[in-house]
Amino acid sequence: CYSLNSTNKTSIMMKLTILAAAMASAAAFAPAPVAKTTTAVNAFENELGAQAPLGFFDPFGMLSGDVTQERFDRLRYVEIKHGRIAQLAFLGQVVTRGGLH
């Protein structure tokens, strides 16, 4: 039979550890299950910004319940406004750190 000394045991344990880590990290790349959207939200599938593979993306469920075109348009307007404010805040930070104030 084979007799394993401590160097061989350490080598085998390291190889098994690397194999286990590789198998565990492969799970991060497995496709996630796609949730089906409700028919009320499907009304916005053709709106500007709805793209494949996600389609209409509402991660916080802000349109679950009272789904109207007016509410959708209001949320889109507010999102664009906040994005522009964030861009100006970033530009102000860059200008201030650049010493141009």
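The largest pocket has a volume of about 570 Å³, where a pocket is an open set of points on a 1 Å grid over the protein atoms alone at which a 1.4 Å probe fits, with protein on both sides within 12 Å along at least five of seven lines, and the volume is the space filled by probe spheres set on the points. The lining of this pocket consists of 22 residues, and those nearest its centre are Phe-56, Phe-57, Phe-72, Arg-76 and Glu-79; a lining residue has an atom within 4 Å of a point.

This is a predicted model, in which local features need pLDDT of at least 70 and side-chain atom pairs count only at pLDDT 80 or more, while totals for chains, interfaces and linings use all residues. Residues are numbered from 1 along each chain as its sequence is written, and side-chain values use heavy atoms, with hydrogens and water left out.

The chain has two helices and zero strands, helices being DSSP runs of H or I with at least four residues and strands runs of E with at least two. After α2 comes Gly-99, with a positive phi near 80 degrees.

Val-67 lies in the loop between α1 (6-26) and α2. Val-67 counts as partly exposed because its relative accessibility is 23%, between the limits of under 20% for buried and over 50% for exposed, with a 1.4 Å probe and protein chains only.
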